[in-house]
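Reader: I would like to learn how to read the main features of a model such as this one. Please show it first, and then we can go through it.

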Amino acid sequence: MRTFKIEPLDTQAMETCRFRIDNLTKPIYSLAMLETIAERFAGILRNPKPNHLRQGVLVVAADHLVDGPQNDQHGSESYAAIKRFNEGTTATQGAAFKLNADVNVVNVGLEQDTSLLEHIDTKVVRKGSHFFGVEPVISREELDRAIDLGFTYADKLHDDGLQVVAIGNIGERAFLDTLVTTATITGCAYDDILVHTECGPTVEQRAAHIHSFVDRFNIAVDDWSALSESERRDAVLHLLHVAGGLDIAFLTGFILGAVGHRMAVVFDNAVTGAAVLAAVTIEPLVKDYIFPSAAYEEPIHKEQCRFLGIKPCLYYNLQIDEALGSTMGLSIIDASMHMLNDMKTFVEAEVKAAEDGVGKGRQKDKE
């Protein structure tokens with residue numbers, strides 16, 4: 001893995017930003033999440049009054065379990081999805097256009113060929129990952145290539161001037177890989193994040209079946225906090241090698257690289273959440289640069305958010321992935337910037353500040 005350096009947030013910029021937020025003409029703390037987001041961006045960008053953020057969207061495409069028993073589509077659904085991106089007809093692109101955010105789509109592992117799609121960046125490591133019931137999902141060499149591609153894209157988008165990137169994915173059959181990756185990092189049982197169905201095997205039987213596939217690879221970690229930095233990194237890389245997949249590996253490298261450039265990252269679903277978990281486990285400071293967006297009823301996603309200690313902002317019951325949820329999350333960040341820069345302080349508006357209550361002593365109407 002490429003070496004990288006991630007720095008803490010700039011606390012002085014955050015305190016200066018917080019003082020301005022507290023003195024905006026509103027009840028103190030009344031805009032809750034918008035205030036927290038603005039304050040964190042001050043720390044990320046080392047600017048007490050960030051504004052006009054350069055936003056972008058990155059969608060990575062990869063199929064999973066191509067040699068597994070569930071593969072009856074052979075990548076046709078994910079190919080149709082990426083073809084829509086090539087034609088510019090997706091909801092994600094429509095939402096991004098309204099935010100003046102460019103959409104980048106890279107294929108690192110779809111089963112079907114995309115080389116003739118002119119607006120898709122085809123960087124295929126392999127045509128889909130393996131079923132871990134047979135062998136590790138990707139080789140260590142393929143893992144290294146996928147992660148390095150993620151770092152390369154972080155460099156590219158940083159060079160393009162982006163400051164915040166919404167991430168998403170396209171691909172089939174990612175469920176098992178995200179489940180195993182999430183459970184291994186958070187320590188929850190498979191039973192806790194499998195959904196009960198009216199027919200077929202029970203949750204307990206399905207959990208035992210998954211254990212029979214992966215336990216022989218020795219991916220379990222009893223206590224992540226007891227590991228050294230290098231041991232954590234090696235354990236995460238081993239996990240991604242066995243049960244991560246090309247998209248999760250790519251996004252893990254991208255997140256680490258982006259945060260190393262002091263770029264913020266917005267994630268949405270369980271696949272992008274699995275990459276966030278991997279990156280945060282490798283380097284805990286990553287968490288300060290990560291923002292959730294849409295909420296999903298999916299138990300894996302809920303477990304990821306619980307473990308990270310974060311709450312998504314948007315509750316739209318989305319039934320589509322493809323970075324739509326994270327792109328919509330950019331609008332919340334945009335709103336926080338408008339709050340910080342377009343609202344006036346008590347001094348600027350020449351109105352009287354609070355004389356009592358929680359704003360007393362913190363809000364001022366004179367220089």
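Reader: In what sense do strand β1 and β4 pair, and over how many bridges?

Author: This is a predicted model, in which local features need pLDDT of at least 70 and side-chain atom pairs count only at pLDDT 80 or more, while totals for chains, interfaces and linings use all residues. Residues are numbered from 1 along each chain as its sequence is written, and side-chain values use heavy atoms, with hydrogens and water left out. As a general idea, strands of a sheet pair through backbone hydrogen bonds, either parallel or antiparallel. Two strands are taken to pair if DSSP finds at least two bridges between them; helices (H or I, at least four residues) and strands (E, at least two) are DSSP runs, numbered from the N terminus. Here β1 (residues 55–62) and β4 pair in the parallel sense, over seven bridges. Within β4, Asn169 stands opposite Val60.

Reader: In what order do the six strands form the sheet, and which are the edge strands?

Author: The order is β3-β2-β1-β4-β5-β6, in an open sheet with parallel pairing. Its edge strands, β3 (121–122) and β6 (290–292), each pair on one side only. Strand β2 (residues 102–109) pairs with β1 in the parallel sense over seven bridges, and Asp102 in β2 stands opposite Gly56. On β5 (residues 264–267), the pairing with β4 is also parallel, over three bridges. There Val266 is the bridge partner of Ala166.

Reader: Is β4 buried or exposed?

Author: In a regular strand the side chains alternate between the two faces of the sheet. Buried means under 20% relative accessible area, exposed over 50%, and partly exposed in between (1.4 Å probe, protein chains only). In β4 (residues 164–170), seven of the seven residues are buried, so the strand is largely enclosed by the rest of the structure. Both of its faces are covered. One side has Val164, Ala166, Gly168 and Ile170, and the other has Val165, Ile167 and Asn169.

Reader: Turning to charged side chains, with which residue does Arg18 form a salt bridge?

Author: Side chains of opposite charge can pair when their charged atoms come close. The criterion for a salt bridge is a side-chain nitrogen of Lys or Arg within 4 Å of a carboxyl oxygen of Asp or Glu. Searching the whole structure gives 20 salt bridges. Arg18 forms one with Asp22, and their closest N and O atoms are 2.9 Å apart. The two residues are four apart in helix α1 (residues 11–22), so about one helical turn separates them. Arg18 is buried at 11% relative accessibility, and Asp22 is buried at 1%.

Reader: Which residues are linked with Arg18 and Asp22 in a network of salt bridges?

Author: The network also takes in Lys26, Glu35 and Glu39. Lys26 is in the loop between α1 and α2 (32–45), and counts as buried at 9% relative accessibility. Contact means heavy atoms within 4.5 Å. With neighbours within four places in sequence left aside, Lys26 is in contact with Ile21, Leu31, Glu35, Met343, Phe346 and Gln363.

Reader: Where do Arg20 and Glu348 lie, and how many residues apart are they in sequence?

Author: Their side chains meet in a salt bridge (3.1 Å, N to O). Arg20 lies in helix α1 and Glu348 in helix α14 (residues 346–349), so the pair ties together parts that are 328 residues apart in sequence. Arg20 is buried, at 13% relative accessible area, whereas Glu348 is partly exposed at 41%.

Reader: What volume does the largest pocket have, and how many residues line it?

Author: On a 1 Å grid over the protein atoms alone, a pocket is an open set of points where a 1.4 Å probe fits, with protein on both sides within 12 Å along at least five of seven lines; lining residues have an atom within 4 Å of a point. Grid points are joined across faces, edges and corners, and the volume is the space filled by probe spheres set on the points. The largest pocket has a volume of about 560 Å³. Its lining has 21 residues, and those nearest the centre are Asn169, Gly171, Ala174, Asn269 and Asp321. Helix α3 (76–87) gives the most to this lining, with three residues.
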